[in-house]
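Hi,

Here is the structure I said I would pass on. Have a look at it first, and then read on for what turned up.

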Amino acid sequence: MTDDDYADLGATTQDAMDIAETSMDIVRSFVPDETLEDRIRQKAVHATGSPDFQHLMRFHNDPVRAGARAVLDEQPIVTDITMAKAGITSRGHDCPVRKAIGNGAELAAETGMTRTASSVLELDREGVYDGAIAVVGNAPTGAMALSDCIEDGTRPAVVVATPVGFVKAADSRKRVREVAEEYGAPAITNVGTRGGSGLGAALANELIHVASDAREGDVEL
């Protein structure tokens, strides 16, 4: 057994699949199972272990369908940091997956802005975010920078923004919602202080699962 055997997330053995299905059955006892947005709410509850989290989710401009279509079109999935990228499943899609962090070092040094914000701006200059599935799981400044990009004309296929914390996190997600409303950008966010890379990756993975179901004819997009 090599490290690569453990490199992907998700249940593969029978015992693991039984545990995962039982867990989702419990989640469905808390969360409705009627709409595509309900599937995102379910995933949020499953990822956080909190039934109340379903009420914290916000959706703008039919983001689940938009995200699933982008997956089917093999558009890039772009995360803010390495941790969120590591959580994106490699199964069920052929989308290139990359992270923003690690780009824009010169801009950060010149301006003093955070590395994540400068990374987002650098990738935007390269046109990476247009049509992409943009996942900001950790960094409020990354969400703010991406919002500025949208205001300036960038159009991701969907934004999944779940920055976590007590400083700027809630404000950054509010900013995403504001530009989503003003410019018609599909977006999935949550309210409150909770969130994080694991949640952002989990919600992006559910977009992949919706796309897989659409590919099989089980979901209408």
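Let me start with Ile 133: setting aside neighbours within four places in sequence, Ile 133 is in contact with Gly 67, Ala 70, Val 71, Pro 76, Ile 77, Val 78, Val 158 and Leu 207. Please keep in mind throughout that this is a predicted model.

Apart from the core that holds Ile 133, there is another core of 22 residues, with Val 78, Val 120, Ala 134 and Val 176 among them. H9 gives the most, with nine residues. As background, nonpolar side chains tend to be buried together in soluble globular proteins.

**H3 against H9**

The helix pair I would look at next is H3 (residues 63-72) and H9 (residues 197-215), whose axes come within 8 Å and cross at roughly 70°. With that angle, H3 counts as roughly perpendicular to H9. On the H3 side the contact is made by Pro 63, Val 64, Gly 67, Ala 68, Val 71 and Leu 72, and on the H9 side by Leu 207, Ile 208, Val 210, Ala 211, Ala 214 and Arg 215. Sorted by type, the residues of this contact are 10 nonpolar, one polar and one charged.

Two residues of this contact are worth a click. Gly 67, in helix H3, is buried, with a relative accessible area of 0%. Beyond four places in sequence, Gly 67 is in contact with Ile 133, Val 158 and Leu 207. The C-alpha atoms of Gly 67 and Ala 204 lie 8.2 Å apart, although 137 residues separate the two in sequence.

Ala 214 belongs to helix H9. Is Ala 214 buried or exposed? Its relative accessibility is 18%, so Ala 214 counts as buried, the cut-off being under 20%. Ala 214 touches Leu 72, Val 219 and Leu 221, once residues up to four places away are left out. From Ala 214 to Ala 68 is 146 residues along the chain, yet their C-alpha atoms are separated by 8.1 Å.

**Around H6**

Helix H6 (residues 115-125) has Thr 116, Ala 117, Ser 118, Ser 119, Val 120, Leu 123 and Asp 124 as its buried residues. What do these buried residues pack against? Their partners are strand S2 (77-79), strand S3 (97-99), helix H5 (105-111) and helix H7 (140-151). Just after H6, Gly 127 takes a positive phi of about 80°.

**Loops and positive phi**

Asn 61 has a positive phi near 60°. Asn 61 sits in the loop between S1 and H3 and counts as partly exposed at 35% relative accessibility. The other is Lys 168, with a positive phi of about 75°; Lys 168 is placed in the loop between S5 and helix H8 (169-183).

Arg 194 is also a loop residue, between strand S6 (187-190) and H9. Its relative accessibility is 38%, so Arg 194 counts as partly exposed. Leaving out neighbours within four places, Arg 194 is in contact with Ser 50, Phe 53, Leu 56, Pro 163, Val 164 and Arg 173. Arg 194 and Asp 80 are 114 residues apart in sequence and 17 Å apart in space, C-alpha to C-alpha.

**His 60 and the cysteines**

His 60 lies in strand S1 (residues 57-60) and counts as buried at 13% relative accessibility. His 60 touches Arg 177, Ala 180, Glu 181, Ala 185, Pro 186 and Ala 187, not counting residues up to four places away.

As for cysteines, Cys 95 is buried at 7% relative accessible area, and Cys 149 is buried at 2%.

Cheers

How values were computed:
Residues are numbered from 1 along each chain as its sequence is written. Side-chain values use heavy atoms; hydrogens and water are left out. Buried means under 20% relative accessible area, exposed over 50%, partly exposed in between (1.4 Å probe, protein chains only). Helices (H or I, at least four residues) and strands (E, at least two) are DSSP runs, numbered from the N terminus. Contact means heavy atoms within 4.5 Å. Axes are lines fitted to C-alpha atoms, for helices over the stretch in contact, and angles run from 0 to 180 degrees between N-to-C directions. Angles under 35 degrees count as roughly parallel, over 145 as roughly antiparallel, 65 to 115 as roughly perpendicular and the rest as oblique. Ala, Val, Leu, Ile, Met, Phe, Trp, Tyr, Cys and Pro count as nonpolar, Asp, Glu, Lys and Arg as charged, and the others, Gly among them, as polar. A nonpolar core is a set of buried Ala, Val, Leu, Ile, Met, Phe, Trp, Tyr and Cys residues joined through side-chain atoms within 4.5 Å.
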